[in-house]
Amino acid sequence: MKVLHKDELLIAEEVLLKHLPKSLKVYGFLYGINRNKPNTLEVVVDTWPDFKVIICRPDPKNKSSLEFTKEVSYYSMDEQVLRKMLTEENVIDWSSYFQMAGFDVSHASLLKEVSSNRRVNNRGFTLVNLLYLPDCSHLITPAFDSELESRISSLDLSHVDLVNKTWKFGGDEKGHRNITKLISNFPSCCITDGQGQPITWILMYDYCAMGMLYTLPEHRGKGYAKVLVSIMSKRLHAQGYPVYCFIEEENTVSYRIFKNLGFTEDPSYRAAWFEFNY
């Protein structure tokens, strides 16, 4: 096992670029890290430079990591190497609550087996579709008028409470801290009302996926979400970010929005979040 540092992280990013879309979550983390976005991660691989497994885990030397939900993400090109890292090497702290976030659901049985052998309980947290836009030429742009265009803006820190209380996985202090970090350091987009207050918004997570798409109930059915996703996608593509999102399987409304805008998916692939030591 090896911990990666600055120049190695740049090389790893280039390697993961060749394994899109399945490597997108870890690629997104490295993309942000390599562009000096704030993070609390340590990145480890099985071997270097020809790695088969790369893992993003909370940095034990970074005290700020305790302020956020403990998450581990990985990309694996070899399940046997992954098994060895999870069982024989001290690559994950199994002693307290954490989420295995955005992993290939085909590894679910392996993760359950490893955690069971360690007498660590586990449960599925959410199952998601991975939708991505390989090229902006695939984007289907909805029409909107100049009045609506004049109300398109970005979120600021005065909007953190609003986003936190409407986010399905927020509503608490950790959610507030996470959203504050995201609005402060990553792109966001919103449509405002006549008083300048957001009525529809979308953010970017620290792994560079679009998320938290939300429209206030009284403003739904007007096509605002489609407009926002389209604008955000163009902005991200122009800035060099990957353009993708995870959508929960039961969220058929968001799934249709992204698909109708030209996003694609690998129909054989699903990602999942699991909780351990819950």
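User: Is Phe-125 buried, exposed or partly exposed, and at what relative accessible area?

Analyst: This is a predicted model, where local features need pLDDT of at least 70, side-chain atom pairs count only at pLDDT 80 or more, and totals for chains, interfaces and linings use all residues. Residues are numbered from 1 along each chain as its sequence is written, and side-chain values use heavy atoms, with hydrogens and water left out. Buried means under 20% relative accessible area, exposed over 50%, and partly exposed in between (1.4 Å probe, protein chains only). Phe-125 is therefore partly exposed, its relative accessible area being 32%.

User: Which class does Phe-169 fall into at 36% relative accessibility?

Analyst: The value for Phe-169 is 36%. Under the cut-offs of 20% and 50%, Phe-169 therefore counts as partly exposed.

User: How many aromatic pairs are there?

Analyst: Rings of Phe, Tyr and Trp (its six-membered ring) pair if their centres lie within 6.5 Å; planes under 30 degrees apart count as stacked, over 60 as edge-to-face and the rest as tilted. By this rule, the number of aromatic pairs is 19.

User: What kind of pair do Phe-98 and Phe-276 form, and how many residues apart in sequence are the parts tied together?

Analyst: The ring centres of Phe-98 and Phe-276 are 4.9 Å apart with 15 degrees between the planes, and the pair is stacked. Both Phe-98 and Phe-276 are buried. Helices (H or I, at least four residues) and strands (E, at least two) are DSSP runs, numbered from the N terminus. Phe-98 is in strand β5 (residues 98–104) and Phe-276 in strand β12 (residues 271–276), so the parts tied together are apart in sequence by 178 residues.

User: Is the pair of Phe-125 and Phe-169 stacked, edge-to-face or tilted?

Analyst: The centres of the Phe-125 and Phe-169 rings lie 5.4 Å apart. Their planes are at 40 degrees, so the pair is tilted.

User: Where is Ser-115 found, and which residues does Ser-115 touch?

Analyst: Ser-115 is in helix α4 (residues 108–117). Ser-115 counts as buried because its relative accessibility is 0%. Contact means heavy atoms within 4.5 Å. Not counting residues up to four places away in sequence, Ser-115 touches Trp-94, Val-120, Asn-122 and Phe-276.
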